[in-house]
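My notes follow, in the order I looked things up.

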Amino acid sequence: MQNQEHLLQEIEGIDDYWGPTFRAIYDQDDDSRKFIDTLDNRIKQYDKEIERMCNFYYQGFIDSIRELQQVENQASKLKKQVIQLNSNVQTIVAEVTNAGEELVKARQVENNIQLAINSLSLCLPALSSYSKLQKQMADKRYYPALKTLEQLEQLYLPQVSHYKFFRQMIEKIPKLRENIKESSMSDLNCFLETIRKFSSKVGEAAMKHSVEQQNFDFGLTKLKKKKDSPEDNSDDEDSLSAQDLIDFSPVYRCLHICTVLSSRDTFDAYYRQQRREQALLTLHPPNNMHESIASYCYYLQCIVGFFVVEDHVLNTGNGLLTRPYLEDLWKMASDKVVSIMRTNTAYCTDANLLLRIKDLIMVFCLTLRSYGYPVKNYMELLHEIQEHYNEILMQKWVQVFRDILYRETFCHLEVDNQDQYDNVVRTFPYQDDQLESSTFPRKFPFSSMVPSVYDQVKQFIFACLKFSNDLNFSEGEVDEMVQKSTKLLLSRTFSGCLSSAFHQPRLGLLQVIQIIVDTGYLEKSSKSIQQFVSEATGSTGGTVGDDAGITLGVARNDAEHHMYDKMKLKLNEFLDLEDYDWMLVEPTGQASSFVTDLINFLRVVFNALRNLTEEVSVHVCQVAFEHISKSILNLLLSDDIKQLSMGALNQLNLDVIQCELFAASEPVGKTDEPDFSQHFAPLRQLLDLLLSWDWSTYFHDYGQETSKYSHVKPTTAIIVLEKLKEADKKSVFSVLKKSERDKKKLLETVLKQLKQLAITVQQ
């Protein structure tokens, strides 16, 4: 019981933490119910005490409530009055507050206006300057913009350094400078592109002015304007100088800007690099430049225009270019141009085009020399082009000579009237009083080839001299060039064509002889060629005449050798017509028909030889008779002839006698040759030996210089005797006649002795 009371006291005494108390209650299994009952009793006790106290204080509570109700009515009235008063005060205060706020705002606006006026007055110069800067940049007036930027940075911006836009402007200033620099460089690039396109026009104007100043007329249609054409508005351009065609202000502006921006070295290097690259592009030739003068003209005008512009920049660019730099650039370009021109002109095969190229190079050199550029290597180039030009002329004259020789019939040139005669002697230096006094038609000893070739040689010399015009070559240089070219023309070109003409199947022996005659007359005209060259070049001396004579002499010798070959071939044609009956019993008593035809042919040929020198005529006779003699002898010794009769030998003897008589009849007139019949000596001695059967004399005198049969070799005699012996075998009656048997024995004896002699000679 005490324990439960103790627990109740703990519950009543503790307000917040009852855990241990409840645990203690539940730990007592038997007393928990009792505790609950005790707790209920305690609650009932407190309820009774509360009820007693409430009953005691109830009347006072009622009175207090009544008083509170009265106070409530009064408080309500007071509240209404306070609310009304508050409303009135709020209205009045709101009006005062609004007025005060408006006053504050007005004062603030007034102060702000004053501050704004002061600030704007301070910022206006900077802002105006900045606006001006923007406008100048928009108008691409970069140099004034750079000045404005410098003024803005140094004068106006320090006054507004406490404003936010000050920092923005300060940050933009480097960018603005860079923009100005980039924009000016962009203008410079546009300028570089422009002068790249207009270089040809600048070069054309410069070259035209140079030609006009020197009063030269090179006939370059590309440099001439058709001023009488209503559609041609080039008069104004003609009156402008080369520099007036280009606006150089972008270069100067960019130069000043980079100088102010302390980037002068960078700008100089950039400009030079860009121009060097443009120079390399300009030096690249157009495609197929070698085909037309317009391509050469455009190419050289671009180069002239490039270096005229550079010269102008050198003189006005305040050190942008230096003379050593420009000289180095010109040397590089000049070497390249010379190489390109040398290569392209080497492809050219038109002599007239080379002449125009020469004139163009001369104007090119004249123009650049006037600007102080050295052009010595171009003079060397012209010498090379001149050599190529002469080679082209020679190739052209190859066809000219071929046409002349192809059309030529190589017959005596015949004229029917005085005009034709005068035309020939005016073309070719020939004079013959006897011919001039003869009646028409007159025949020259040479063919029409001679005046034609002589005239073409003169035309060639004129063509060679065309290239030397205006080149300022000395008379000696011009003379040397002409002499060299003329010598090559005759020694290589004409001689080659003439040699080809020799081998034409259409040419007969008489025509070859006429060629030799014609060549001789051309050889005699070599002094006239020398005189013509001297008059044309103004130089004295020279060896072209002697060289021409030597060259034509070589050609004539070649023709003579060819004539000998032709002669032998023609003789072979007649000899091939022989139709001997080698078993003939008795001769016909007259020469064979082929021998008669052969002699008639030789008469015609030898008559034509009278126009040649005696030496050549004699040599032709010697060659002809010697060839006939050897051919007949070879025919007699041929293996195809197995048998030979004495009648055939007698007939052959008659033919040889006819040939000997003709050879002894002075067929080409009186000469130093004693007797042409001696060329038949080997054949004659053999026939005489066989017909006279004089073997004792042969054997007795063999080996002696005075021997009657010195030209008869034992082997030759053996061959003929064997054939005679073989013919005797075919005769049935030869064994019946004693004389025939004796003759046969004698033949065998002679053969035996000849064979022994042949063996002895071989040992």
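I began with the secondary structure: the protein chain of this predicted model has 26 helices and 2 strands. Next I checked burial, and 42% of the 763 residues in the chain are buried. I also looked at contacts with a separation of 6 or more, and residues 24 or more positions apart account for 77% of them.

Then I turned to the cores. The largest nonpolar core has 111 residues, and Phe307, Met341 and Phe364 have the most contacts inside it. Helix α9, residues 293-316, gives this core its largest share, with 13 residues. Apart from this core I found another, of 66 residues, including Phe601, Leu652, Cys659 and Val750.

I went back to Phe307 for its partners. Leaving aside neighbours within four places in sequence, Phe307 is in contact with Leu326, Leu329, Trp330, Ala333, Leu368 and Tyr373.

My last stop was a helix pair. How do helix α12 (residues 376-407) and helix α15 (residues 449-468) pack? Their axes are 10 Å apart, at an angle of about 160°. Since angles over 145 degrees count as roughly antiparallel, α12 and α15 are therefore roughly antiparallel to each other. The crossing of α12 past α15 is right-handed.

I listed who makes the contact, too. From α12 the residues include Leu382, Tyr389, Trp397 and Phe401, and from α15 they include Val453, Phe460, Cys464 and Phe467. Sorted by class, the contact of α12 with α15 has 17 nonpolar, 6 polar and 1 charged residues. I noted Lys466 of α15 among the contact residues as well.

Key. Residues numbered from 1 in each chain as written. Predicted model: local features only at pLDDT ≥ 70, side-chain atom pairs only at ≥ 80, totals over all residues. Heavy atoms only, no water. Core = buried A, V, L, I, M, F, W, Y, C linked by side-chain atoms within 4.5 Å. Buried < 20%, exposed > 50% of the residue type's maximum accessible area, 1.4 Å probe, protein only. Helix = DSSP H or I, 4+ residues; strand = E, 2+ residues; numbered from the N terminus. Contact = heavy atoms within 4.5 Å. Axes fitted to C-alpha atoms, helices over the stretch in contact; angles between N-to-C directions. Parallel < 35°, antiparallel > 145°, perpendicular 65-115°, else oblique. Left-handed = near helix turned anticlockwise from the far one by under 90°. Nonpolar A, V, L, I, M, F, W, Y, C, P; charged D, E, K, R; others polar.
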